[in-house]
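This briefing goes through one chain by topic, from overall make-up to single residues. Please keep the sequence and the coordinates open while reading.

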Amino acid sequence: MGIGTGIFLITLGAILTFAVRANVWWLDLRAVGWVLILAGVAVLATTMWYWQDRKKRARTLIVEENRLSHPTAMMPPPPDPPPPSAPPT
């Protein structure tokens, strides 16, 4: 869950609360809309809190450098392979 989920829940809740005028006898759409709005705000607040906590942590970058104690000898390139022999005629 993140910012997108929070915004989606707030939007869906606002649509159910303020835009839908249906009368469902077994469900109060305004109450469901307000619950979704509050859930979206909670998701946004939680996401922002975790992001702030992550920014405060100090990061230590360890770079390990490995140097050889003696220079490496230059190796000559390998010899060219012999040319393929012609087929017998």
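The model is predicted. Its chain has two helices and zero strands. Of the 89 residues, 15% count as buried.

**Overall make-up**

- The accessible surface of the chain amounts to about 8500 Å², and carbon and sulfur atoms account for 66% of that area.
- Taking contacts between residues at least 6 apart in sequence, 59% of them join residues at least 24 apart.
- The chain's secondary structure contains two helices; residues 3-19 make up α1 and residues 29-56 make up α2.

**Nonpolar core**

- The largest nonpolar core consists of five residues, namely L9, L16, L29, L36 and V43.
- Both α1 and α2 supply at least two residues of this core, and α2 gives the most, with three.
- In soluble globular proteins, nonpolar side chains tend to be buried together.
- L29, one of the core residues, is in contact with L16, V20, A22 and V24 once neighbours within four places in sequence are left aside.

**Surface patch**

- On the surface, M48, W49, Y50 and W51 form a nonpolar patch. Together these residues have about 500 Å² of accessible area.
- W51, a member of this patch, belongs to helix α2.
- The relative accessible area of W51 is 40%, so W51 is classed as partly exposed, given that this class lies between 20% and 50%.

**T17 in helix α1**

- T17 is part of helix α1. Its relative accessibility is 1%, and because the cut-off for buried is under 20%, T17 counts as buried.
- A polar atom of the T17 side chain lies 2.7 Å from the backbone oxygen of G13.
- Not counting residues up to four places away in sequence, T17 touches R30, G33, W34 and I37.

**V20 in the loop**

- V20 sits in the loop between α1 and α2.
- With 28% relative accessibility, V20 counts as partly exposed.
- Beyond residues up to four places away in sequence, V20 touches I15 and L29; L29 is also a member of the largest nonpolar core.
- V20 and G33 are 13 residues apart along the chain, and their C-alpha atoms are separated by 9.8 Å. G33 is also among the residues that T17 touches.

**G2 and T47**

- G2 is placed in the segment before α1, whereas T47 is found in helix α2.
- Is G2 buried or exposed? At 16% relative accessibility, G2 counts as buried.
- T47 is buried as well, with a relative accessible area of 10%.
- Apart from its neighbours within four places in sequence, G2 is in contact with V43 and T47. V43 is one of the core residues.
- Under the exclusion of residues up to four places away in sequence, T47 touches M1, G2 and I3.
- The C-alpha atoms of G2 and T46 are separated by 8.5 Å, with the two residues 44 apart along the chain.

Technical notes. Residues are numbered from 1 along each chain as its sequence is written. This is a predicted model: local features need pLDDT of at least 70, side-chain atom pairs count only at pLDDT 80 or more; totals for chains, interfaces and linings use all residues. Side-chain values use heavy atoms; hydrogens and water are left out. A nonpolar core is a set of buried Ala, Val, Leu, Ile, Met, Phe, Trp, Tyr and Cys residues joined through side-chain atoms within 4.5 Å. Buried means under 20% relative accessible area, exposed over 50%, partly exposed in between (1.4 Å probe, protein chains only). Helices (H or I, at least four residues) and strands (E, at least two) are DSSP runs, numbered from the N terminus. Contact means heavy atoms within 4.5 Å. Patches are made of residues with over 30% relative accessible area and no salt bridge: like charges are joined within 9 Å, nonpolar side chains (Val, Leu, Ile, Met, Phe, Trp, Tyr) within 5 Å. Accessible areas come from the Shrake-Rupley method with a 1.4 Å probe; for residues, only the protein chains shown count as cover. A salt bridge is a side-chain nitrogen of Lys or Arg within 4 Å of a carboxyl oxygen of Asp or Glu. A polar contact is a pair of N or O atoms within 3.5 Å; within protein, one must be able to donate a hydrogen and the other to accept it, and residues adjacent in sequence count only if both atoms are side-chain atoms.
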